[in-house]
Amino acid sequence: MRIVLVGPPGAGKGTQAAYLAKNLSIPHISTGDLFRANISQGTDLGKRARAFMDAGQLVPDEVTIGMAKDRMAQPDAVGGFLLDGFPRNVGQAEALDGMLRDEGVALDAVLDLEVPEDEVVKRIAGRRICRNDSAHVFHVTYNPPKTEGVCDVCGGELYQRDDDSEETVRTRLEVYHTQTEPIIDYYRTQGLVVTISALGKVTEVTDRAMEALEKSEG
Ligand code: AP5
Ligand code: MG
């Protein structure tokens, strides 16, 4: 399957993507995680992305689209993928359509995670991620690690993301409403959007998502 996950910052895209990708046997591709890996490795791409991320703004399309395309061209993604955080504006959605058309394939669904703003603020405030891999995500109250400050998956140190400050979160939410939400209408015209509530336990949301994706296939 080829799926796009969309939802505001802190909705639980990364958390759900980990389970959904496993259930569906497709790779989880997060442009945010790819940027963070580039930043921690000190690459030129990471250096270009950092200031935009720290400000809560989108990294320019000419950097982002090429990076996403390279990742989607990897052998593990040939049969399908779960995109988390890409596309993030209509220009990126058009570019993705072009890439898929060139390959003679198409998206199966766009899963839209709906969460009220006060909940995303709570989720982001308590989020802790792993130094080794930002796809390893915890929450101090809602999803605490077994040992405080230590990643359950790999033993790495947990820390708070640089862009999770209150001020930057406000900017990220605004960017989501103005630049990313329009892709939901873009995909609605293609009949691809499946909206679910992302409230409740992580496992409940995963079940809801799996059910919605199965229905969308039928
Ligand atoms: P990115 O890393 O994609 O961040 P985001 O979209 O702001 O989303 P988050 O990762 O903050 O939230 P999430 O929905 O993944 O939630 P999570 O699962 O962690 O992007 C960061 C930046 O990179 C952007 O601002 C931009 O600068 C740049 N960028 C990335 N892609 C780009 C693109 N395509 N174009 C341009 N720039 C781009 O969950 C949040 C917390 O809630 C966690 O603590 C989790 O444990 C907890 N939680 C999850 N589910 C539940 C639940 N059901 N109940 C209770 N708690 C829960
Ligand atoms: Mg994420």
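In the predicted model, a polar backbone atom of G12 lies 3.0 Å from an oxygen atom of ligand 1. Side chains also approach the ligand: a polar side-chain atom of T15 is placed 2.6 Å from an oxygen atom of ligand 1, and an N or O atom in the side chain of R36 is 2.8 Å from an oxygen atom of this ligand. Ligand 1 taken alone exposes 1,100 Å², of which the protein buries 97%. There are 34 residues around ligand 1, and those that come nearest are T15, Q57, R88, R127 and R172.

Helix 4 comprises 12 residues, 61-72. The buried residues of helix 4 are V63, T64, I65, M67, A68, R71 and M72. An α-helix has 3.6 residues a turn, so residues three or four places apart point the same way.

In the loop between helix 1 (13-24) and strand 2 lies S25. The phi angle of S25 is near 55°, a positive value in a residue other than glycine. S25 has a relative accessible area of 66% and is therefore exposed, the cut-off being over 50%. The loop between strand 3 and helix 5 contains P87. The peptide bond joining F86 and P87 is cis, with omega about -5°.

Note on methods
Residues are numbered from 1 along each chain as its sequence is written. Chains are lettered from A and ligands numbered from 1 in the order in which they are written. This is a predicted model: local features need pLDDT of at least 70, side-chain atom pairs count only at pLDDT 80 or more; totals for chains, interfaces and linings use all residues. Side-chain values use heavy atoms; hydrogens and water are left out. Helices (H or I, at least four residues) and strands (E, at least two) are DSSP runs, numbered from the N terminus. The expected span of a helix is 1.5 Å times one less than its number of residues. Buried means under 20% relative accessible area, exposed over 50%, partly exposed in between (1.4 Å probe, protein chains only). A residue is near a molecule or strand if one of its heavy atoms lies within 4 Å of it. A polar contact is a pair of N or O atoms within 3.5 Å; within protein, one must be able to donate a hydrogen and the other to accept it, and residues adjacent in sequence count only if both atoms are side-chain atoms. Accessible areas come from the Shrake-Rupley method with a 1.4 Å probe; for residues, only the protein chains shown count as cover.
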